[in-house]
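Please walk me through this structure. Begin with a pair of helices, then move to a sheet and the chain overall.

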Amino acid sequence: MRAIITSLALSLTVGLAACATPPMPMRADLAIRNVHVVDTRRGRVLADRTLLIRGDRIAAIADASTPYAADLEVDGQGAYAIPGLWDAHIHLLQDDADSALRTAPVLLSYGVTHVRDMGSSARALTAFRAGAKSPDLPVILASGPPFWAFELPYGDKSQQRIVGDAAEIETAVRDTAGAGADLIKIYAGFEPGPMAVLMEAARAQGLRVAGHAQPGAPLDAQARLGLATVEHLETSTFAGCDVDPDAYFERIIAARFRGSGETLPAIFTAFVADIDRDACVAMFRRAADAGLAITPTLTATFLPPATARRLVADLLPAQRETCELYLAAFSENDPVGEAAYVAAGNALMEIVHASGLPILAGTDAPAFCGTAGASLAVELELLQLSGLSPLEVLQSATLTPARVFGFGDRLGAIEPGMDADFVLLRQNPLVDVSAYAEPVGLFSRGKWRDQTELMRLRRSGPSN
Ligand SMILES: [Zn+2]
């Protein structure tokens, strides 16, 4: 009996010894060693890993002892790897395709690998699609011309699609799809009837509809009609909260342009006090159940004036003008008013946040004080100041947009099998939100770029 046990133990030892022979090294095109990988689903940090990339996919996240053989090896120097960032609301194409092609590489230098463009002429969109061949561009989902239910006496008509009856709506949706749009943007004036026609026409073309909250129905009803994302934190966003958003909007216009004497902080403080918070949370929850997400664009709608004053110095001249226009709504040296304004914005965000409505990071750049790329880091900081946890902030620019825009199976997380689309940050963004502002490496569209290359892309952008 003992002999049998001994020989069994012996064969077991031999078996273990066989297992202990070194496994074949994993083959990769690129290995980035010495990085901490941030898990966007659970908020964990996988320390001291090696990212192995084959082609444009993540092949493995190996620990430091795993042998590998790679064509190119990079020392991550203890950087934190997060998925490539999304700006879910930007106006990159609004001028023309050439200026968009010059600006777009700058986005990569800020770690932005995907954007959703929310308004351009159909011509600019078509020209951009034809010219955008470089890998040094983010992936761009684009709406083409925003849809208006009526004509306005101002604004660039090439960037508005004015549609009246059902036949016009259907033709415009077909044209926009034909120009290469990925979604339809709804701007203003659609009552529930025409809105339903627009939703149906878009569905027939396989396009979703995103945009401003429309009149005549609470936001949750608009979500049930098919509105996929609502843009901005403005009074109309709160239709359905037992408040009259139009009355407050009129007061804002009167204060800004007609010298009514009221201040924005006073109007928004009154607006927040007028909202039935619990009813509003319930309304947003119903909207979330119907599939809605929100892009608050705090950098455009609730930018603290103190932050705007800091940004204005670094803006290009044309941009400085629109930023100063934003600041004109605030009197200088009124810290009490400014604090009230920020508090009102945070109170509105608290309602949104409490409802569980998915939140998307978007900048509306170059509106007001916004610039492509740089504004996303500001937006993420403002989202955190408004009450989101550091993980929710990270998700708002990675996991959530990837899921909401239909790429959840390959983007938004750094995992084997997912697209190799990630940014390296010097610091942990879950500890320090300012980490987003200065990426030190980026992999997207099959290409690695170190910090020097990112700075070259940033300098290649428009400079006057
Ligand atoms: Zn916009």
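At what angle do the axes of helix 7 and helix 8 cross? The axes of helix 7 (residues 245-257) and helix 8 (residues 264-274) cross at roughly 175° and come within 10 Å. That makes helix 7 roughly antiparallel to helix 8 (angles over 145 degrees count as such). Axes are lines fitted to C-alpha atoms, for helices over the stretch in contact, and angles run from 0 to 180 degrees between N-to-C directions. Helix 7 makes the contact with Tyr 248, Arg 251, Ile 252 and Ala 255; helix 8 uses Leu 264, Ile 267 and Phe 271. Contact requires C-beta atoms, placed from the backbone, within 7 Å. Helices are DSSP runs of H or I, at least four residues, and strands are runs of E, at least two; both are numbered from the N terminus.

This is a predicted model: local features need pLDDT of at least 70, side-chain atom pairs count only at pLDDT 80 or more, and totals for chains, interfaces and linings use all residues. Residues are numbered from 1 along each chain as its sequence is written.

Seven strands form an open sheet in the order 3-2-1-4-14-15-16, with mixed pairing. Strands pair if DSSP finds at least two bridges between them. Its edge strands are strand 3 (57-63) and strand 16 (447-450). Strand 14 (residues 422-425) and strand 15 (residues 439-444) run antiparallel, joined by four bridges. Val 423 has Leu 442 of strand 15 as its bridge partner. Helix 17 (residues 451-459) packs on the sheet and touches strand 15 and strand 16.

Finally, the whole chain. It has 17 helices and 16 strands. Its C-alpha trace spans about 100 × 50 × 45 Å along the principal axes.

Key
Angles under 35 degrees count as roughly parallel, over 145 as roughly antiparallel, 65 to 115 as roughly perpendicular and the rest as oblique. Two residues are in contact if their C-beta atoms, placed from the backbone, lie within 7 Å.
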